[in-house]
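Subject: Structure handover

Hello,

Here is the structure you were expecting, with the sequence alongside. My notes on what was found follow below.

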Amino acid sequence: MKFSSDVAAAEALKESYEKLRAEIGKVIVGQDDTVRLLLTAIFCQGHCLLVGVPGLAKTLLIQTIAGALDLSFNRIQFTPDLMPSDILGSETLDNERNFRFIRGPVFANIILADEINRTPPKTQSALLEAMQEYAVTVAGQKHSLSRPFFVLATQNPIEQEGTYPLPEAQLDRFMFMVYLDYPSYQEELNIVKSTTTDNKPVINTVISAAEIEAFQHLVRRVPVTDNVVEYAVKLVQKTRPMGELATADTKNYLEWGAGPRASQNLILAAKCNALINGKYSPDIEDVKAVALPILRHRIVRNFKAEAEGISVNEIIKRLV
């Protein structure tokens, strides 16, 4: 996909973003912040973890986004008996007694990992290489995944029975952890009115794979001033209890802080946030706009914070 200039590409990205919002809005009522963060993750070549109680349209939202993008889409329902080969694929004997690799559902552009915390760590780890290196290794052979590639996972926060918490290494591979809240009264009214009829909205494809890849490269080319980078790095440094920039809240309430991947994601997401808002370079406000979903799953509270009821979100808001 060729654009006459980066300015033209930036305007095209904003226009495509607005078109996507309009298509998604045909099906999804409200959830504006969630949609913004999901689309930001896609333009930044990141992965997203959606956390919310049942019935908040997490799966429907991801399926709707997939429908508006000209990309292949696979849904994997994670269950306690799911095996790694059910995700990656496996080698089988063909008619001529030769081993042949049968690709699993991970070989698609968009992967919906539904209820990802319902499967044991062995199976969860099958996604680690795919999410970081865009490849999977089966029987010693490395198989590349097609680009663009996104893992959009859902997780239920309240059902503890039969769930396996995601390990920190896998959580860190998600650019955002997004919490979905209950809809407002008016939003729920609109949801009930639109979903209890026989009318089904048609979702139009508005962005091709080539455009998405062009936008991903554009986001990385966006210039950013030193003071914005310094703010992002200092913010992440503040989350580390043993670090030289640790605040009183960090030392009192945190066990572990965020790693360098958080700093990288803050800048990438801030660049994209600037573009979708019609700016050509991010400022500190853009970093603040994406800080909460980037940091909340990368810091670990200590016992004192839990005992005093100090939430991760509250700690991050104080640091920002």
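The accessible surface of the protein chain is about 15600 Å², and carbon and sulfur atoms hold 50% of that area. Please keep in mind that this is a predicted model. Among the 320 residues of the protein chain, 48% count as buried.

On the fold: the protein chain contains 15 helices and 13 strands. Its radius of gyration is 20 Å, close to the 20 Å given by the globule rule for 320 residues, so the protein chain is as compact as a globular protein of that length. Along the principal axes, the C-alpha atoms fill a box of roughly 65 × 45 × 45 Å. Of the contacts in the protein chain with a separation of 6 or more, 75% are between residues 24 or more positions apart.

Cysteine 48 is in no disulfide either; the nearest cysteine sulfur to it belongs to cysteine 44, 11 Å away. Cysteine 44 is buried, with a relative accessible area of 4%. Cysteine 48 also counts as buried, at 0% relative accessibility.

Regards

Key:
Residues are numbered from 1 along each chain as its sequence is written. This is a predicted model: local features need pLDDT of at least 70, side-chain atom pairs count only at pLDDT 80 or more; totals for chains, interfaces and linings use all residues. Side-chain values use heavy atoms; hydrogens and water are left out. Helices (H or I, at least four residues) and strands (E, at least two) are DSSP runs, numbered from the N terminus. The radius of gyration is taken over C-alpha atoms; the globule rule is 2.2 Å times the number of residues to the power 0.38. Buried means under 20% relative accessible area, exposed over 50%, partly exposed in between (1.4 Å probe, protein chains only). Contact means heavy atoms within 4.5 Å. Accessible areas come from the Shrake-Rupley method with a 1.4 Å probe; for residues, only the protein chains shown count as cover. A disulfide is a pair of cysteine sulfur atoms within 2.5 Å.
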